[in-house]
Each structure stands twice: as C-alpha cells, then as structure tokens.
Amino acid sequence: MSQFSFNMFDHPIPRAFQNRFSTQYRCYSVSMLAGPNDRSDVEKGGKIIMPPSALDQLSRLNITYPMLFKLTNKNSDRMTHCGVLEFVADEGICYLPHWMMQNLLLEEGGLVQVESVNLMVATYSKFQPQSPDFLDITNPKAVLENALRNFACLTTGDVIAINYNEKIYELRVMETKPDKAVSIIECDMNVDFDAPLGYKEPERRYKAPEEPTEEEGDPSTWTDMDMRFRAFTGSGNRLDGKKKGIEPSPVPIDPSDIKRGIPNYEYKVGRITFIRNSRPQPRKTTEDEDSEFIAFSGEGQSLRKKGGRKP
C-alpha cells in the first residue's frame, strides 16, 4: 500500500510579504490632535503620527529603517509617501499635515491606506514655486535645505509646504531621481528650481540716444547755460550788521568762453578709442631749433681777476 503525503504549505510565503505592513486608518489633520502640547511642528514637515499598535506590529515584522510609508486614497487614486514622527495617536486614527491631505484629496475622517515601503536614496530633485513671492527669499536653496530636514521622502507631483519667516510657501516636486519617490534621509542631493508659477520675465526696453535739437546746436543759446565755476559768488556779512556793499556782482560769461566737446565721428559700436594727446602739439620753428639745449655751453667764472696782482 503506497502512502501519499500532501502539504498545502509546501510553498513558503515570500519574505517580502512577511515584512510588509499594510493597514487602513481614518486620517485627521494635526489641528484635531487632542492634548495640551502644540504640534505645529508636524505641519512643517512630511511625517505623520500613528497609533501605538502600529509600532508593535512594525517591530514584529523586522522592517528596514528608516520607516517609510506609502499613503493611498483609493477613492481618488492619489498616493504619496511619508515618514513617521511618533506613535501617540488614538487607535484606528492617524494624523497628517494639511498639505498632505490636500495632495491625497482627503477630508477629515477619510480612509487612507498605509503601507511600508523601501525607497531609493535621492540624488536630484527639481522644484517649482507656486508663487513669485518665493523669489523674495535671499538664499532659497539654503531655506529649502533647512525645511527638508523635517521631511523623510519626496514624491514627484506632490505640492509640499514650507514655513519661512511666518509665511507658508508651496513648491511642486517636478522631478526626482533616481525614482519618482525617493528617500531624502542622510543623502547628498542636488536641488534645482523651475520658474515660479505665474512669473513673467521683465521686458527690457532699449532707448535710442536722443539727437540734439536745433536749439542745442545753436551757439547763441549757450548764454543761458551757466555751467562754469565762479569764485567768490556768495554773499558776505559785515560785523556792524550793515548790508551795504556785500551784494555779489558776478561777472557775466562770455559765449566765446563756453567750449563744446568735439564728437568722434569715427566711432564704431563695440570699439573703445583712447585719445592720448587731446591737444595738437605746436610746430617747431627755426628759432626753437637754434635754442635747443647744449650741455656745458655756459661760461665759467674765476675768483682771480685777469689783470694780475697790484704792486
């Protein structure tokens, strides 16, 4: 008589499914979290608050650290990724940042699917500010780097919110590498920015140089231009308080004294000309050539007189 053995568990369950955490929670915003402590720090990052039973279940599954989760709203087919901040929520409830609930199109008390995932480390990310006000920040990369310390991962297509100088700035994640969802914990990531939404380049208007009018070119009108320096044109004060003889009497300017610059008619665009000698040198005459300097051409003087000594 032959014996047959049958075991329905001959094929072991894959390890990936053994270490997978998956459950549903009703989600609420952080403002609904009961307690005396202010939890506004949750709104500044990309981490959620889960119940203590989730920590007990995760510790039994021996999942890899850091703990990262995929959040899915099955009604709207929207998903994102996040980390966990604490395990202090009531059972069956999790608390999310407001911007994360907006991305998932969730309302207060809506159901969200929470699954544990492993994400690749980020190497590159590109953001698009949702308002031109983001350009007012002096060093946007430093501000973003400081804000991303409260995030655990990024998902392409999400609109994250960062708080700076008591103002909230929204940025859309346009691109992430090497995957559409990446972990940004202890990573060396290159950051780039797209033009803000609604930003327009300022128009540069070229103004053609104005040509001088006929009045400017007429020397007879130059008498009205008082551009020459006049010394001692101010009024004086006498010690006896009298004002007689202290009125200034400026000398009128002769139109012949006003000199206009001579334009360079050989000027070419993109070329700089240095004029070394602006005044023409006077020509040398025959008298100047005769009076040229000759070394040791003077006459000597002697202390003795040529007539000799007196008897």
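1. Helices (H or I, at least four residues) and strands (E, at least two) are DSSP runs, numbered from the N terminus. By this convention T72 lies in strand β3, residues 68-73. The model under discussion is predicted: local features need pLDDT of at least 70, side-chain atom pairs count only at pLDDT 80 or more, and totals for chains, interfaces and linings use all residues. Residues are numbered from 1 along each chain as its sequence is written, and side-chain values use heavy atoms, with hydrogens and water left out.

2. The protein as a whole contains six helices and 13 strands. It has 311 residues, of which 27% count as buried; buried means under 20% relative accessible area, exposed over 50%, and partly exposed in between (1.4 Å probe, protein chains only). Contact means heavy atoms within 4.5 Å. Among contacts in the protein with a separation of 6 or more, 76% are between residues 24 or more positions apart.

3. Leaving aside residues up to four places away in sequence, T72 touches R78, M79, V112 and Q113.

4. N62 is found in the loop between α2 (52-61) and β3. Its relative accessibility is 59%, so N62 counts as exposed. N62 and R20 are 42 residues apart in sequence, and their C-alpha atoms are 9.2 Å apart in space.

5. Y169 is found in strand β11, residues 167-177. Because its relative accessible area is 10%, Y169 is buried. Not counting residues up to four places away in sequence, Y169 touches D133, F134, I137, I160, A161, I162 and Y164. The C-alpha atoms of Y169 and P129 are 7.5 Å apart, although these residues are 40 apart in sequence.

6. Cavities and pockets are found on a 1 Å grid over the protein atoms alone: a cavity is a set of points where a 1.4 Å probe fits but cannot get out, and a pocket is an open set with protein on both sides within 12 Å along at least five of seven lines; lining residues have an atom within 4 Å of a point. Grid points are joined across faces, edges and corners, and a volume is the space filled by probe spheres set on the points.

7. The structure holds one cavity of 30 Å³ or more, and the largest cavity has about 30 Å³ of space. Its lining consists of T80, H81, W99, F151, C153, L154, T155, D158 and I160. Strands β4 (78-86) and β9 (153-155) each supply at least two of the lining residues, and β9 gives the most, with three. Domain 1 (22-117) and domain 2 (124-193) each contribute at least three; the domain bounds come from an automatic or database domain assignment. The lining has five nonpolar residues, three polar and one charged, where Ala, Val, Leu, Ile, Met, Phe, Trp, Tyr, Cys and Pro count as nonpolar, Asp, Glu, Lys and Arg as charged, and the others, Gly among them, as polar.

8. The largest pocket holds about 300 Å³ of space. Residues lining the largest pocket include K141, L144, E145, L148 and R149, and helix α4 (residues 140-147) gives the most to this lining, with three residues. In composition, the pocket lining has eight nonpolar residues, no polar and four charged.
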